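User: I would like to learn how to read a ligand shell and a helix packing in a structural model. Please take the case shown here.

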Amino acid sequence: MSAHLSTPAAVAVPRPDVLAAERRMMLAFLVVGFSALLLGAGIGPLQALNYSGHNLYPALRPFFQSYYQGLTIHGVMNGYVFTFFVICGLLVYLPARELGITPNMTLWRGSFVIMLIGTGLVLAAMFDNSSNVLWTFYPPLKGSPLFYFGLTALGLGSTLPLPILLQMRSAWKKQRPGEVTPLVTYMALITMLMWDVSTIGIMTELVIQMDPWSLGLIHTVDPAISRTLYWLTGHPIVYFWLMPAYVSWYGLLANQLGGRLASDAMGRLTFVLMLIFSLPVGSHHQFADPGFSPIWRGILVVLTMSVAFPSLITAFTMGLTLEFAGRKRGGKGILGWFKALPWGNPSVTAQVLSMLTFVIGGASGMVNGSWQLDAVVHNTTFIPGHFHMTVGSVVAMTFMGMAFWLIPHLTGRALISRRLALAAAWLWFIGMSTFGIGMQTAGLYGVPRRAWVSALPHEAFHTLYGAAHIPMALIGIGGVILWLAMICFYIVFFGSLLFGRKIEAPAIPFARAFGRSESYSLERPAVPSEHTSSLARAMEPVWFWTGVATLICALSYVPIFWSFLRHMTLSPGWVAW
Ligand code: HAS
Ligand code: CU
């Protein structure tokens, strides 16, 4: 430790029983989240096989009545339940341990219980075949009240980590005045600020439109307003998934690699840029909807390309971080460092492979972000191809990679098989890439997304989609490989929890960055602010940046809603199944 660091202040280390309670809570979030993925992703290959022309749904009655019911369960369990539980666990647990401060357990448990109730409600609504409205629940399709109230609870519970983080940060700041917030806590806080502001959209839609509509208290809703409110949250949600994965890449991975993070300040800049640019761009999901002026669509393209920018910063920062670690391990030449990474560590392997999928996932996002190109791919399988190469790989694989160190850390039990964990990571990578590239290519042939194409008569299927038979075969093959990946993953996940050998629990792998020492937990020495980089200090006023982001978001949405509210088109509900 260099001389400029002062001695640590006396720190009250949390009591062992308090730490144990935190670990149990984190474990509960992790187990519920990954159980949701087991159900959601377990159904996934049925959707994949649909596109390769194999209709398995009739064989699955009475559990699943249709492709649309399966697809709704798949999207809701993976997109909302899996992600929300894992994220709301991690974004409290990691900062608490980084700062050395006990989180508000009542609020944290509250978040868990409210989301659990929400999950129960949506599961009931989806399994009774009353709510096959897909994960975006666009009206006028109408599901049961249980579905909308369940989602309302899930949304509400997912916002609660923010006050917990604010409380912990202010307690930390009191002991460390003038210092910048430690990196992981900073990133968690920006993520939650972004998420809580953005949930105004979906919560307004649910509380003012969908909940009363589903109860019959109002008889009509305006689908255009509904969709716009949905996407106000629906775009930021993809960053709510991605940013916690970035927390692991920036905050932990360098340590797991045996290296150092290339830049702490670039991580902070990335998060602030995501906060600012992800809030106003939701309507890029509505390029094909009526009611938006061409000028506004042009602005949306620029804003969407801007939100890709922080991911490009991340690509360079992580590239450098990986290269440094690889060279330190003796890697030589242009790509020798890549080979020299610790590929025997399943946590590292899952995360680095996920980065590779993001090269294609990110590039397809830029295609979608262009109004003209989106006209070619919108509502085709290109779009699910894109998001399986982002959330289905980057996020899911990074969380799996985190589970591989979290389980030993939280339970003091070793993974039952490192080889099986490695197999899970590789099979997921190969399966999701085969599936995603198949979906994207099939989309270029005009194959529609969300379509029960395998239920078509054989002749019609071949006439319509014969030209795309190779990519469609890849989709099915990818789905089957993903099933194998899941089998490997869940044997390791549940097997280790139940039967893992007892070991000394490893510590959380918090990374250190190159350059100036930005900040540390209370257990580490203080870092006077003059030793912190000016960029990190400029990023520190989180309320200022949230204010800027909220203002830009309001400026972009007020004109849209103003025109929609003046030309309301009200529709009664439809049950199309
Ligand atoms: Fe997206 C639709 C635009 C990123 C998720 N997106 C979706 C939907 C989902 C989703 C779920 O503009 C569909 C929702 C629905 O059901 O309708 N998306 C973008 C853009 C980006 C983007 C511009 N999306 C994501 C991420 C997601 C996600 C991330 C989930 C986590 N997306 C769109 C648009 C639509 C859309 C339109 C609507 C389309 C329509 O018509 O409906 C960008 O943020 C992407 C930027 C990313 C990059 C990649 C950086 C690469 C990295 C890895 C580096 C590798 C290393 C390894 C370091 C530019 C960071 C190096 C090693 C070596 C050896 C080289
Ligand atoms: Cu988006």
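User: Which helix gives the most residues to the shell around ligand 1?

Analyst: This is a predicted model, in which local features need pLDDT of at least 70, side-chain atom pairs count only at pLDDT 80 or more, and totals for chains, interfaces and linings use all residues. Residues are numbered from 1 along each chain as its sequence is written, chains are lettered from A and ligands numbered from 1 in the order written, and side-chain values use heavy atoms, without hydrogens and water. Helices are DSSP runs (H or I, at least four residues) numbered from the N terminus. Here H9 gives the most, with 7 residues.

User: Which residues come nearest to ligand 1?

Analyst: A residue is near if one of its heavy atoms lies within 4 Å. Of the 33 residues around ligand 1, Tyr-239, Asp-374, His-378, His-386 and Arg-449 come nearest. A polar side-chain atom of Arg-449 lies 2.7 Å from an oxygen atom of ligand 1, and one of His-386 lies 3.0 Å from a nitrogen atom of ligand 1.

User: How are two packed helices described, and at what angle do H8 and H19 cross?

Analyst: Two packed helices are described by the angle between their axes and the distance between the axes. The axes are lines fitted to C-alpha atoms over the stretch in contact, with angles from 0 to 180 degrees between N-to-C directions. Those of H8 (residues 264–278) and H19 (residues 542–566) cross at roughly 25 degrees and come within 7 Å. H8 is therefore roughly parallel to H19 (angles under 35 degrees).

Methods:
A polar contact is a pair of N or O atoms within 3.5 Å; within protein, one must be able to donate a hydrogen and the other to accept it, and residues adjacent in sequence count only if both atoms are side-chain atoms. Angles under 35 degrees count as roughly parallel, over 145 as roughly antiparallel, 65 to 115 as roughly perpendicular and the rest as oblique.
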